[in-house]
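Please work through each task with the sequence and the model at hand before reading its solution.

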Amino acid sequence: MPTPSLSALPIRRLTLRDLDACADLSEDRGWPREEHKWGLLLTAGKGYGIDDPDGGLVGVCTVTEYGPPERPSLAAIGMMLVAERHARQGVGRRLMRHVVSAQGTTPLTLYATPYGRPLYEELGFKDIGRSEMLRGRFVPESAESRIATRPATAEDLTAIVRLDEEVFGADRTHVLTRLPAFVDQLRVAEEDGRLIGYAAAWPNMDTHVVGPLIARDTETAKALVASLAAGTGRPLRTDIDVRHEDLLAWVKERGLAAVAVNAVMTLGTAQLPGDGARRFAPLTVAAG
């Protein structure tokens with residue numbers, strides 16, 4: 001039988017059974033396999049993919065929705081990947097159009113690489129900011145921070161969810177309740193018994209990714225990053241909003257180096273909800 005054209009292959013919802021195929025596709029495009037992250041994205045969000053008649057996946061994309069389940073107030077698009085053998089044949093455009101259509105009137109956001117940005121602009125996404133990816137071995141400071149941090153407990157989860165919704169601008173309970181099983185460290189910052197920030201470090205290949213990073217101010221963000229770094233022997237990786245110039249300069253002084261700069265883009269809204277002054281780093285750029 002003749003092989004169906006790419007445009008005739010159906011787009012379907014992915015499940016955890018597709019995790020290995022998603023990781024294979026990442027590897028095909030020169031990305032790390034990132035099975036741990038794929039597991040979160042496929043359970044906390046939705047995955048869309050096109051099966052390759054010859055095996056594996058032609059392309060994939062994930063969507064993580066926030067806010068009320070019946071009427072999300074924001075959705076983050078990530079992990080847009082097309083197999084090398086099918087690149088530059090319109091697969092990514094078709095997947096993106098399908099996802100945008102499926103989300104209806106829900107405002108959308110994504111982090112765009114320079115390679116992917118032209119497609120997103122073609123679909124109507126607007127550039128609203130930048131995020132800098134950094135990686136390296138953190139060199140601790142000699143002086144201790146005046147900001148107190150400690151490991152989070154189960155009793156902290158309600159306060160974390162409350163603070164996060166205030167800063168992020170949408171309810172992320174379904175993601176945050178997965179953090180204890182997903183991350184290796186979850187820490188909170190307090191002042192006078194009140195939560196003023198929280199951050200996590202989760203394993204990704206040979207690094208620990210710092211994110212989310214929510215903090216009252218730069219000093220609190222620094223204290224959380226330093227406390228997470230003290231609890232791992234791995235290099236750190238994180239994505240920091242470029243508006244946080246002081247934190248960016250500090251992490252570079254402490255040994256992290258810039259790896260890439262991605263554009264933050266939106267569709268259906270001129271800006272992201274919440275408080276950008278307290279939102280320092282996402283959980284992962286794939287999920288916002």
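**Exercise 1.** Classify F168 as buried or exposed.

*Solution.* In this predicted model, F168 has a relative accessibility of 6%. The cut-off for burial is under 20% relative accessible area. F168 therefore counts as buried.

**Exercise 2.** Determine which type of aromatic pair Y66 and F168 form, and which elements the pair ties together.

*Solution.* Step one is the search: four aromatic pairs are found in the whole structure. In one of them, the rings of Y66 and F168 lie 5.0 Å apart, centre to centre, with 75° between their planes. Planes over 60 degrees apart count as edge-to-face, and the pair of Y66 and F168 is accordingly edge-to-face.

Step two places the residues. Y66 belongs to strand β3 (residues 57–66) and F168 to helix α5 (residues 157–168), so the pair ties together parts that are 102 residues apart in sequence.

**Exercise 3.** Describe how helix α1 packs against helix α2.

*Solution.* Begin with the geometry. Helix α1 (residues 19–28) and helix α2 (residues 35–44) have axes 10 Å apart and pack at an angle of about 125°. The crossing of α1 past α2 is right-handed.

Next, list the residues in contact. Helix α1 contributes L19, C22, A23 and S26, while α2 contributes E35, W38, G39 and L42. Sorted by class, this contact of α1 with α2 comprises five nonpolar, two polar and one charged residues.

**Exercise 4.** Carry out the corresponding analysis for helices α8 and α9.

*Solution.* The axes of α8 (residues 218–230) and α9 (residues 245–253) come within 10 Å and cross at roughly 30°. Angles under 35 degrees count as roughly parallel, and α8 and α9 are therefore roughly parallel to each other. Their crossing is right-handed.

On the α8 side, the contact is made by T218, A221, K222, V225 and A226; on the α9 side, by D246, L247 and W250. The classes in the contact of α8 with α9 are five nonpolar, one polar and two charged residues.

**Exercise 5.** Locate H208 and state which residues it touches.

*Solution.* H208 lies in strand β10 (residues 207–215). Its relative accessible area is 7%, so H208 is buried. Leaving aside residues up to four places away in sequence, H208 touches D184, A201, W202, P203, T232, R234, P235, L236 and R237.

Terms used: Residues are numbered from 1 along each chain as its sequence is written. This is a predicted model: local features need pLDDT of at least 70, side-chain atom pairs count only at pLDDT 80 or more; totals for chains, interfaces and linings use all residues. Side-chain values use heavy atoms; hydrogens and water are left out. Axes are lines fitted to C-alpha atoms, for helices over the stretch in contact, and angles run from 0 to 180 degrees between N-to-C directions. Helices (H or I, at least four residues) and strands (E, at least two) are DSSP runs, numbered from the N terminus. A crossing is left-handed if the near helix is turned anticlockwise from the far one by less than a right angle, and right-handed if clockwise. Contact means heavy atoms within 4.5 Å. Ala, Val, Leu, Ile, Met, Phe, Trp, Tyr, Cys and Pro count as nonpolar, Asp, Glu, Lys and Arg as charged, and the others, Gly among them, as polar. Angles under 35 degrees count as roughly parallel, over 145 as roughly antiparallel, 65 to 115 as roughly perpendicular and the rest as oblique. Rings of Phe, Tyr and Trp (its six-membered ring) pair if their centres lie within 6.5 Å; planes under 30 degrees apart count as stacked, over 60 as edge-to-face and the rest as tilted. Buried means under 20% relative accessible area, exposed over 50%, partly exposed in between (1.4 Å probe, protein chains only).
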